[in-house]
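Here is a short briefing on one protein model.

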Amino acid sequence: MSPQQGPAMIEADGLSKYYGGFAAIENVSFKVYQGEVVAFLGPNGAGKSTTMKLLTGYLAPSAGVARIAGHNMATDRLAGAARLGYLPENGPLYPDMTPRSLLEFFADARGMSPIRKRQRIQAVVELCALGSVIGKPISKLSRGYRQRVGMAQVLLHEPDVLILDEPTAGLDPNQIHDVRETIRKLGQDKTILLSTHILQEVEAMASRVLFIDEGRLVFDGPVSELTRGGKALDQSFRELTSAARS
């Protein structure tokens, strides 16, 4: 889907976050449109996680506005959160629970009816391939399965917008493949902003790249622009980082 064919579902409008005299991010602006899968890149400490926390309403901005599906996340967070699924890096799970009990807990917390709760749990268990571990304690699951449980919890209420922070961090190649396939499926009808350090994931899943360095957005364009002329993505990564610091 071309960006012009759908509404902006994720908006950063002049977002800044200051801690005393330190600017974690400064004047960051971009839009992610309905049906897009956009990769959010940058070196460690560049401001990716801070930006995502501002977009989701977990942090209040020092300046600017974050919107999800048109809802200001500072003044209308509950309405925005109803449209949003957020998977933070190393997202918290309750290790003594099973995937089933965790999903039931979050379904009840969201006020789902018994019928809808049963339908949605069945749907996310199937989508995230959790059937073989649904009754095992989360503490006993591999990191890959714990990541799938986190993804299932994020998808439980059928959000239109997904913000995923390093969803494949620490996974082995087989687990990475499984998570990529899940994200590809979700990208068919959802809007996704995906933070990653793994450049192969950008080409595999995203059509567009946002690049942040030292708290400022330094690139917003198609993946093809970063690989033009046979250039490798890691070369573009280094060039953008050094350009921002020169």
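Two strands pair if DSSP finds at least two bridges between them. Helices (H or I, at least four residues) and strands (E, at least two) are DSSP runs, numbered from the N terminus. This is a predicted model, in which local features need pLDDT of at least 70, side-chain atom pairs count only at pLDDT 80 or more, and totals for chains, interfaces and linings use all residues. Residues are numbered from 1 along each chain as its sequence is written, and side-chain values use heavy atoms, with hydrogens and water left out.

**Overall build**

- The protein has 9 helices and 10 strands.
- Its C-alpha trace spans about 55 × 40 × 40 Å along the principal axes.
- The radius of gyration is taken over C-alpha atoms, and the globule rule is 2.2 Å times the number of residues to the power 0.38.
- For 246 residues, a compact globule would have a radius of gyration near 18 Å, and the protein agrees, with 18 Å.

**The six-stranded sheet**

- Strands of a sheet pair through backbone hydrogen bonds, either parallel or antiparallel.
- Here 6 strands form an open sheet with mixed pairing, in the order β6-β7-β8-β3-β9-β10.
- β6 (84-87) and β10 (216-222) are the edge strands, and each pairs on one side only.
- From one strand to the next, the twist averages 15 degrees.
- β6 runs parallel to β7 (residues 161-165), and 4 bridges join them.
- Leu87 has Leu164 in β7 as its bridge partner.
- Ile212 has Leu217 in β10 as its bridge partner.
- β9 and β10 form a hairpin with 2 residues between them. Glu214 sits in the turn and has a positive phi of about 50 degrees.

**The four-stranded sheet**

- A further 4 strands form an open sheet in the order β2-β1-β4-β5, with antiparallel pairing.
- Its edge strands are β2 (22-33) and β5 (71-72), each pairing on one side only.
- Strand β4 (residues 63-68) runs antiparallel to β5, and 2 bridges join them.
- Ile68 stands opposite His71 in β5.

**Helices on the sheets**

- Contact means heavy atoms within 4.5 Å. Axes are lines fitted to C-alpha atoms, for helices over the stretch in contact, and angles run from 0 to 180 degrees between N-to-C directions.
- Helix α1 (residues 48-56) lies across β3 (37-41), β6, β7, β8 (191-195) and β9 (208-213). It runs at about 150 degrees to β7.
- α1 also lies across β1 (8-19), β2 and β4, at about 120 degrees to β1.
- Helix α5 (residues 143-155) packs on the sheet and touches β6 and β7. The direction of α5 makes about 160 degrees with that of β6.

**Pockets**

- On a 1 Å grid over the protein atoms alone, a cavity is a set of points where a 1.4 Å probe fits but cannot get out. A pocket is an open set with protein on both sides within 12 Å along at least five of seven lines, and lining residues have an atom within 4 Å of a point.
- Grid points are joined across faces, edges and corners, and a volume is the space filled by probe spheres set on the points.
- Ala, Val, Leu, Ile, Met, Phe, Trp, Tyr, Cys and Pro count as nonpolar, Asp, Glu, Lys and Arg as charged, and the others, Gly among them, as polar.
- The largest pocket holds about 540 Å³ of space.
- It is lined by 22 residues, and Tyr58, Tyr86, Phe106, Arg110 and Gln153 lie nearest its centre.
- α2 (77-82), β6, α3 (99-109) and α5 each supply at least two residues of this lining.
- The lining of the largest pocket has 14 nonpolar, 6 polar and 2 charged residues.
- The second largest pocket holds about 200 Å³. Its lining includes Arg120, Leu155 and Lys190.
- α4 (114-127) and α6 (173-186) give two or more residues to this second lining, and α4 gives the most, with 4 residues.
- This second lining has 5 nonpolar, no polar and 5 charged residues.

**The cavity**

- A search of the whole structure finds 1 cavity of 30 Å³ or more. The largest cavity holds about 50 Å³.
- Cys128, Gln147, Arg148, Met151, Val179 and Thr182 line the largest cavity.
- α5 supplies the largest share of this lining, 3 residues.
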